[in-house]
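Here is a short report on selected features of one protein model. Please keep the structure open while reading.

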Amino acid sequence: MSDRALVGDREGTEERTDDDRAVGGGLGRLGDLRMVPIAVAAWAASVAGTAGQPVLVGVAAAAGALLVIVGAARRLLLVVAAGLVIIAITAAGALHDHRLRSGPVAELTAAEAVVELEVRTVADPRRGDSGPGGDYLTVRATTVTVAGRGEHWRVEAPVLLIASGPALVELERWPVGTVLRVGARLRSPDPGDDLAAIARVRGSVTVAAEPDAGLALVERVRAGLRAAVGERTDEQRALVPALVLGDTSGITPELEEDFVRTGLTHLTAVSGANLTLLLAFLLLLARWCGVRGWWLRGVGLLGVIIFVALCRTEPSVLRAAAMGLVALAALGSGSRIKGLRNLAVAVVVLILIDPYLGRSAGFALSVLASGGIIAWASSWAAVLHRWLPKIIAESVTVPLAAHLATLPVVTALSGTVSVVGIVANALAGPFVGPATVFGFAAAGLSLLHPWPAVLAGFGAAWSAQPILWVAHWGAGFPGAAWPWPGHPVALVLLAAAGLGAAWLMPRLLARRWLALPAALIMAVGFVRPPVQPGWPPADAALVACDVGQGDGLVVPVGGDQAVVVDAGPDPRLIDGCLDQLGIRGVPLLILSHFHADHVDGLAGVFDGRPVGEVWVGPLPAPAAQAAAVQRWAADHGVRLRTPGVGERVAVGGTAWQVIGPVAVPSPVLGDDEGESSAENDASLALIATLAPSPGRDRGLRILFTGDLEPAGQRAVLGTGVDLTVDVVKVPHHGSSRQDREFLAATQARVAVASAGRDNDYGHPAPRTVALLESLGMTVLATNERGSIAITATGELGAVVSR
């Protein structure tokens with residue numbers, strides 16, 4: 001947005017600063033961008049310093065010292081500065097990490113102790129994805145006191161509370177700032193997390209103290225906004241608080257998916273782009289009302305204060321405020337070079353204060369969105385204003401610039417590229433500012449009287465409604481989002497493509513006759529998504545879907561029908577895989593056991609597909625997930641039963657034989673995670689034998705093993721059943737707990753391990769891979785290849801991966 005729109009001291013869209021005169025919206029003369037490489041160095045140092053790995057910390061510090069020495073010897077101040085920043089931030093990160101990993105909380109966490117905590121909540125509770133296993137809740141908090149192992153401490157440490165069942169209801173009802181007493185089992189967080197512990201809540205939750213007066217007032221205003229839109233539609237009630245406050249508690253998984261597919265998800269996050277959109281519209285409105293000069297700046301400052309107060313002074317909100325102010329200042333001054341320099345300074349300062357920001361996806365989104373707005377939005381708006389009204393041009397280009405800049409990070413998080421995102425952001429952009437401003441007005445007016453708040457809420461809801469229409473419309477296209485790998489090379493290519501699109505954007509926006517063909521080309525992409533050559537293979541005998549850390553296996557049985565073995569942890573992933581394979585019906589769904597990574601994707605299998613029958617393992621544990629699966633089957637009128645060992649059925653041309661579990665073990669009492677070896681050994685084990693295909697004397701045989709561990713594997717082997725197969729699904733995602741004799745008895749030529757990319761368990765374990773290869777098997781893993789298809793043609797079959 002140009003300075004003429006924000007301040008109004010100069011007129012005419014043709015006036016441009018020196019660094020805006022470059023063709024195509026580039027940076028023109030480079031100017032002073034020396035802070036940018038220093039900011040990049042600071043970011044890298046923060047990642048190294050907080051990794052919790054002394055070797056990496058030492059390497060980073062040594063690299064910084066080397067830069068200082070070389071820079072001083074050659075009198076290169078930029079190199080010296082970069083080295084000093086690396087040393088300082090690496091040290092700050094290592095100190096932060098040491099503080100989290102030492103002390104009483106760290107010692108209790110290492111022992112996975114059961115403790116009594118008194119904690120103060122610091123963020124809104126967030127529900128996890130609903131699935132057959134039920135909901136769970138996470139709440140960030142700071143400890144006040146910790147009692148365990150017969151001792152008591154007063155200590156402040158950041159923890160993440162996880163609750164389900166009755167504790168979920170209790171935690172969800174109390175506002176931020178409440179001091180709670182809970183019993184919990186402590187677990188270690190992932191390396192690099194800014195947490196001292198993860199606390200799994202056990203038992204009841206009691207209130208020790210309510211929030212202070214300031215937080216209580218903020219909660220009253222936030223509740224006033226929710227009440228102001230309480231009479232609107234469900235989606236409007238969910239979206240307005242998300243746009244205004246970043247409160248996504250009402251966003252349903254379906255709506256969230258539509259926003260991800262259309263590249264609009266950044267609108268619901270508390271980010272620098274979010275604040276920039278608000279302030280840009282607020283200042284434009286103030287200018288229309290005749291506000292000028294310092295009074296206009298006062299309006300902007302007031303907007304920031306209101307934003308921070310209502311969104312609370314959480315680190316993410318303060319980070320967003322800093323990024324938004326930098327972007328807004330750059331838009332107001334008309335100098336992109338100065339804006340990028342100031343953004344780089346803000347990055348260094350923020351990372352120095354909190355080194356863990358370098359590991360935050362939200363921080364990356366804020367920085368990139370602000371950078372995109374600074375670098376591109378003003379010049380794009382000036383070009384677009386040649387044939388569109390200024391307010392529309394500016395409303396379109398700000399979110400458009402943010403979308404292109406954040407594309408690699410969003411793709412890394414979602415695994416897809418939103419092809420429709422450019423158009424969706426352009427169409428939705430003009431409505432973001434009004435919806436946000438009306439929403440803030442409704443929140444403030446709720447303190448005076450509910451009637452004016454409801455009126456403003458009506459404006460916010462119906463300003464948000466076009467955004468919902470755009471999200472649903474865009475997500476409805478088959479090619480709205482294209483799968484994209486998340487490895488570094490692919491993301492670098494995507495970033496390069498985004499920069500190329502940004503370079504071309506002014507040329508397209510300036511000429512209507514170019515914009516129309518470009519829109520038509522994009523429309524073809526929406527309607528017809530790209531197809532990987534050879535995927536899916538027409539004669540697939542087995543497909544191991546890439547469903548993350550879980551099992552999702554498909555055996556086509558003719559036409560558009562398939563038997564599905566386990567549903568993985570995420571409905572979207574198994575549903576997407578079945579869609580790619582053209583599966584329209586599931587005559588038999590087999591759930592080997594009730595762990596979340598096998599059953600939580602159940603809704604995806606049922607999405608638009610009739611299911612004939614559901615087989616489940618014999619041990620109904622974890623109890624909550626077993627009960628949820630039973631309810632799901634009953635709600636859909638589907639028969640659910642446990643087959644007996646030795647049972648044989650034929651589905652299409654495929655014969656199925658149940659070979660385990662041989663005995664139903666008793667679950668380990670007191671395991672609050674429901675992940676005992678007993679439950680794994682209760683997994684259904686089956687052999688599928690396909691009808692013979694051309695080129696083969698017999699049908700392909702596949703062994704499905706669920707999560708059987710060595711005891712369960714030996715029990716199946718002891719029955720004397722013929723385990724000879726062509727393909728074995730490696731038990732328990734390829735964990736290190738395997739029985740060599742069991743695997744050797746399969747004589748399989750191919751072993752398929754279903755595991756998530758970069759999973760915390762190290763699946764498939766190197767020792768298991770080595771064992772399988774020593775037995776003459778070719779090992780294929782979904783965490784490396786994505787979805788894997790094995791065909792039944794030829795003597796050994798062929799493998800195709802996606």
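The sections below cover a sheet, a helix pair and some aromatic rings. The model is predicted.

## The seven-stranded sheet

Seven strands form an open sheet with mixed pairing. Their order is S16-S17-S18-S19-S20-S21-S22. Strand S16 (648-651) and strand S22 (778-781) are the edge strands, each pairing on one side only. From one strand to the next, the twist averages 20 degrees.

Strand S21 (residues 750-753) runs parallel to S22, and four bridges join the two. Across this pairing, valine 752 stands opposite leucine 780 in S22.

## Around strand S18

Strand S18 (residues 685-689) is mostly covered, with four of its five residues buried. Strand S17 (residues 654-660) runs antiparallel to S18, joined by five bridges. Strand S19 (residues 701-704) also pairs with S18 in the antiparallel sense, over four bridges.

Leucine 686 has a bridge partner in each of these neighbours. Valine 658 is bridged to leucine 686 in S18. Leucine 686 is in turn bridged to phenylalanine 704 in S19.

## Helices H13 and H14

Helix H13 (residues 336-353) packs against helix H14 (residues 361-384) at an angle of about 170 degrees. Their axes lie 9 Å apart. Angles over 145 degrees count as roughly antiparallel, so H13 and H14 are roughly antiparallel to each other.

On the H13 side, the contact includes Arg336, Leu343 and Ile351. By class, the contact of H13 with H14 has ten nonpolar, four polar and one charged residues.

## Aromatic pairs

The count comes to five aromatic pairs. One of them joins tryptophan 376 and tryptophan 380, with ring centres 5.5 Å apart and planes at 5 degrees, so the pair is stacked. Both tryptophan 376 and tryptophan 380 lie in helix H14, four residues apart, about one turn of the helix. Tryptophan 376 is buried at 12% relative accessible area. Tryptophan 380 is buried too, at 0%.

Phenylalanine 606 and tryptophan 632 form an edge-to-face pair, 6.2 Å centre to centre, with 70 degrees between the planes. Phenylalanine 606 sits in helix H22 (residues 602-606) and tryptophan 632 in helix H23 (residues 623-635), so the pair ties together parts that are 26 residues apart in sequence. Phenylalanine 606 is buried, with a relative accessible area of 10%. Tryptophan 632 counts as partly exposed, at 27% relative accessibility.

Note on methods:
Residues are numbered from 1 along each chain as its sequence is written. This is a predicted model: local features need pLDDT of at least 70, side-chain atom pairs count only at pLDDT 80 or more; totals for chains, interfaces and linings use all residues. Side-chain values use heavy atoms; hydrogens and water are left out. Two strands pair if DSSP finds at least two bridges between them. Axes are lines fitted to C-alpha atoms, for helices over the stretch in contact, and angles run from 0 to 180 degrees between N-to-C directions. Buried means under 20% relative accessible area, exposed over 50%, partly exposed in between (1.4 Å probe, protein chains only). Angles under 35 degrees count as roughly parallel, over 145 as roughly antiparallel, 65 to 115 as roughly perpendicular and the rest as oblique. Contact means heavy atoms within 4.5 Å. Ala, Val, Leu, Ile, Met, Phe, Trp, Tyr, Cys and Pro count as nonpolar, Asp, Glu, Lys and Arg as charged, and the others, Gly among them, as polar. Rings of Phe, Tyr and Trp (its six-membered ring) pair if their centres lie within 6.5 Å; planes under 30 degrees apart count as stacked, over 60 as edge-to-face and the rest as tilted.
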